[in-house]
Amino acid sequence: PRQIWLTRHGESEDNVKGRIGGDAPLTPLGLQFREDLAKFIAEQRILFQERLHIAQLQKSDMLQGAAIAAGESSETAATAATSVVAAAAVPSDDFTSDPDHDHDQSNSCYDDGFLKPFSVWSSMMKRSLQTAAAFDEDAYDVKAMKMLDEICSGMCEGMTYKEIRTQYPAEYEARKHDKLQYRYPGSGGESYLDVIYRLQSVIVEIERLQHHVLIIGHRVIMRIILAYFLGCGREDIAYLNVPLHTVYCIEPRPYGTDTYQYNYDP
Ligand code: F6P
């Protein structure tokens with residue numbers, strides 16, 4: 001069991017001005033969000049581990065009860081149950097119960113002997129990098145990926161939606177008509193479909209990961225990753241509501257996923 005956490009970067013100066021694209025830094029509120037986000041994730045990381053531990057203890061209680069019901073003496077049953085807990089606590093790639101346990105210590109998120117590893121992936125844009133900077137690299141495996149950058153809006157970079165409607169009315173209407181396929185004109189301009197394409201390998205990597213990950217992305221990036229895990233139809237992707245300062249947690253299950261949403265209230 002593991003968790004996939006998703007959030008947009010903290011509020012940026014362009015968010016406040018209503019400007020799309022660009023590479024603006026965080027506002028004071030955005031800086032506050034990143035500090036609180038790092039604290040929240042650290043707490044959630046420990047809570048999850050405690051939940052796992054309790055589930056293991058409950059499983060061992062159930063086995064003990066079943067063994068007694070099957071006619072074994074309570075002493076034999078207790079021994080069997082203890083070995084289940086012990087097996088679950090044996091150091092593995094993900095758990096280290098022995099501080100002297102000899103394995104690769106290059107990433108010290110393994111050092112505490114308790115917590116599962118945790119990756120933090122951001123885009124290469126300033127607002128996302130600044131948000132990720134609140135995560136201590138000794139405790140998290142922090143990585144920046146260009147594939148997580150926000151949609152490039154070509155010649156509309158840095159404009160407000162109102163300016164686009166006034167200066168390029170035909171482009172504005174074309175996007176409104178087919179937001180998924182519409183590609184912004186101008187250098188590097190992308191469509192949702194282009195971004196879906198470049199995110200494919202990131203999604204494969206998320207699926208392959210055995211441990212927790214927090215992705216600090218952007219509006220379009222969040223829409224696409226959330227839509228994938230929630231199983232949304234193509235027609236809904238470009239309209240999913242993913243506000244700033246909202247954190248999503250996805251827990252993949254054998255059948256489907258559980259999703260939680262946390263709203264930031266400073
Ligand atoms: O406004 C923030 C932002 O991330 C822009 O940089 C981006 O162009 C936009 O949201 C994407 O949202 P939509 O596809 O609804 O225009």
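1. By class, how many nonpolar, polar and charged residues does the shell around the ligand have? The shell has 4 nonpolar, 3 polar and 2 charged residues. Its members are Ile 20, Gly 21, Glu 150, Ile 151, Ser 153, His 218, Arg 219, Val 220 and Ala 238.

2. On confidence: this is a predicted model. The protein chain has an average pLDDT of 86, and 82% of the residues score at least 70. The ipTM is 0.99 and the pTM is 0.82.

3. On the overall make-up: the protein chain contains 9 helices and 6 strands. Of its 266 residues, 27% are buried. Taking contacts between residues at least 6 apart in sequence, 61% join residues at least 24 apart.

4. Helix 7 covers residues 192-208, which is 17 residues. From first C-alpha to last it reaches 24 Å, close to the 24 Å expected at 1.5 Å a residue. Helix 7 also bends, by about 40 degrees, at Leu 199. Leu 199 is one of the buried residues of helix 7, together with Tyr 192, Val 195 and Ile 206. What do these buried residues pack against? Their partners are strand 1 (4-8), strand 4 (212-217), helix 8 (219-230) and helix 9 (234-237).

5. Helix 8 has 12 residues, which should span 16 Å at 1.5 Å a residue; the end C-alpha atoms are 16 Å apart, so the two values agree. Buried in helix 8 are Val 220, Ile 221, Met 222, Arg 223, Ile 224, Ile 225 and Leu 226. Val 220 is also among the residues around the ligand. The buried residues of helix 8 pack against strand 1, helix 7, strand 4, helix 9 and strand 5 (246-252). Just after helix 8 comes Gly 231, with a positive phi of about 70 degrees.

6. His 245 deserves a look. Its place is the loop between helix 9 and strand 5. Phi of His 245 is positive, near 55 degrees, in a residue other than glycine. Most residues other than glycine have a negative phi. Is His 245 buried or exposed? His 245 is buried, because 20 other C-beta atoms lie within 10 Å and 20 or more is the cut-off for that class.

7. Phe 40 lies in helix 2 (residues 28-69). Phe 40 and Val 247 are 207 residues apart in sequence, while their C-alpha atoms are 10.0 Å apart in space. Phe 40 has 16 C-beta neighbours inside 10 Å and therefore counts as partly exposed. Glu 163 is in helix 5 (residues 161-167). Between Glu 163 and Arg 19 there are 144 residues of sequence separation and 9.4 Å from C-alpha to C-alpha. Glu 163 also counts as partly exposed, because it has 15 C-beta neighbours inside 10 Å.

Notes
Residues are numbered from 1 along each chain as its sequence is written. This is a predicted model: local features need pLDDT of at least 70, side-chain atom pairs count only at pLDDT 80 or more; totals for chains, interfaces and linings use all residues. Helices (H or I, at least four residues) and strands (E, at least two) are DSSP runs, numbered from the N terminus. A residue is buried if 20 or more other C-beta atoms lie within 10 Å of its own, exposed if 12 or fewer, and partly exposed in between; C-beta atoms are placed from the backbone. Two residues are in contact if their C-beta atoms, placed from the backbone, lie within 7 Å. A residue is near a molecule or strand if its C-beta atom, placed from the backbone, lies within 6 Å of it. Ala, Val, Leu, Ile, Met, Phe, Trp, Tyr, Cys and Pro count as nonpolar, Asp, Glu, Lys and Arg as charged, and the others, Gly among them, as polar. pLDDT is the predictor's confidence in each residue, from 0 to 100. The expected span of a helix is 1.5 Å times one less than its number of residues. The bend at a residue is the angle between axes fitted to the seven residues ending there and the seven starting there.
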